[in-house]
Amino acid sequence: MRVLWPVWRRLARRGLRLVGRALAGAAVLVLAPVLALATLGGLASLTATPAVLLGAALGVFASIFFLGLLLLLPRPASRLPRWLRALAILGVEALVVWQVAAATLDPLRDARPPPPVAGQRTWELSTGSRLAYVVRKPKRSRGLPPVVVLHGGPGRADLGGDSAFFGALAADGRPVYVYDQLGAGRSSRLADPGGYGLTRDLDDLEAIRLRLGADRLVLVGHAEGALLAAAYLARHPGNVDRLVLSSPGGLRPAPSGAALARLDAAQNRRLALSLLHPRVLAASALLQTNPAAAHSVVGDAELDARLAAYHRLLVPARRCGSGAASAAATGAYANLARRPIPSWIGEGISGSPAPTLIVKGSCDYQSWSSAAGYRAIMPAAQLVYLRGAGHDAYRDRPGPYLETVRAFLAGHPLRPHTGELPPPDFQGPP
């Protein structure tokens, strides 16, 4: 045993060195795309030229990946296996870099903007925005303030579906306007996605009111559209007749990943994989430092199509039970733009006398506090709880939803939830 002990010790040391080298190589391989994206983002502060940005990122990826392969595959003692190792490294390097380069440099060729919907019209606004809209007019006008519907997302516009659903409100004598916000659906896009945000959306909404010649508006906002409606009330309190906040986005930033909690492991895995395409990663990295560069590398139609696939996978999280995906047309850059929630929204609507309806579904993945926060500071707000409805409450329970909104707009009494705590069957976070 004493004779064998040095041999075993040398073998153990060699084994540990090989394991350590393999782990280091694997770590470097994982690091290769991270450093490539970091290079992309850093270089974007100097140039927006796609060839320079992508060429530099691919060069960094290829170099770091090659280093990882050298570490992962140890150098053998004999000459023949060294040649085999070299061939293996060069073969894997060539194959991987070719695949990554092909995916990175080749845009999605069949991406197309969404086709027009029935009755589509266009507003050319003083803000420079060109917005697609549909109007449903009442058979007999009663001189009531018009309804303007604000979609959610941000950037998730279903002009055809929303105009068909909310257009039913025109039967009560109000004209109903449904439009795609800037950067979404069939509306115009910006060359620099850094221009998207709450300020521009508010300016567009005020320009719409002026275009309609309306003193006051009834705003129906869904999700992020509800936050836009609240912001408009805070900025233009005299221009709002009534407010409907449907599954509203909260007045404070919410923890990320709330929707993922409603998906199982397999669904979350497919969702994550849908975002790992090199061109999606490139656009995301560039958006952090130079949004215009992101737009020059990945165009609107392509990123819209890629992000639409992601949102289709999110449908089970948005619906209560099974439900078909809507025909929403994603405005990817409008959706991904940084949108901090300013404190002046809550301060501006606090104590507002504007009659407000808050609709919250039992399966909404957003927190109960995201809706209750509005009720707590708005004395004329009522919160109606819809069982069997998810985040897209008007799609899950269209009948009760529409009945509630029509009753509210007509000034009829509702059956609100008055408790501070959520009902026992509420499935979302507190």
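Mentor: Start with Cys363. Its relative accessibility is 2%, so Cys363 counts as buried, given that buried means under 20%. Keep in mind that this is a predicted model. Cys363 is joined to Cys320 by a disulfide, with an S to S distance of 1.9 Å. The count of disulfides comes to 1. Distant parts of the chain are linked by this pair, which sits 43 residues apart. Cys320 lies in the loop between helix H11 (315-318) and strand S8 (329-330). Cys363 lies in the loop between strand S9 (356-361) and helix H14 (368-377).

Now the cavities. There are 3 of 30 Å³ or more. Helix H5 (198-212) and helix H6 (224-235) each supply at least two lining residues. H6 gives the largest share, 4 residues. By class, this lining has 7 nonpolar, 4 polar and 3 charged residues.

Go on to the second largest cavity. It holds about 110 Å³ of space. Its lining has 13 residues. Nearest its centre are Arg156, Arg318, Ala328, Tyr394 and Arg395. This lining divides into 2 nonpolar, 5 polar and 6 charged residues.

Note on methods. Residues are numbered from 1 along each chain as its sequence is written. This is a predicted model: local features need pLDDT of at least 70, side-chain atom pairs count only at pLDDT 80 or more; totals for chains, interfaces and linings use all residues. Side-chain values use heavy atoms; hydrogens and water are left out. On a 1 Å grid over the protein atoms alone, a cavity is a set of points where a 1.4 Å probe fits but cannot get out, and a pocket is an open set with protein on both sides within 12 Å along at least five of seven lines; lining residues have an atom within 4 Å of a point. Grid points are joined across faces, edges and corners, and a volume is the space filled by probe spheres set on the points. Ala, Val, Leu, Ile, Met, Phe, Trp, Tyr, Cys and Pro count as nonpolar, Asp, Glu, Lys and Arg as charged, and the others, Gly among them, as polar. A disulfide is a pair of cysteine sulfur atoms within 2.5 Å. Buried means under 20% relative accessible area, exposed over 50%, partly exposed in between (1.4 Å probe, protein chains only).
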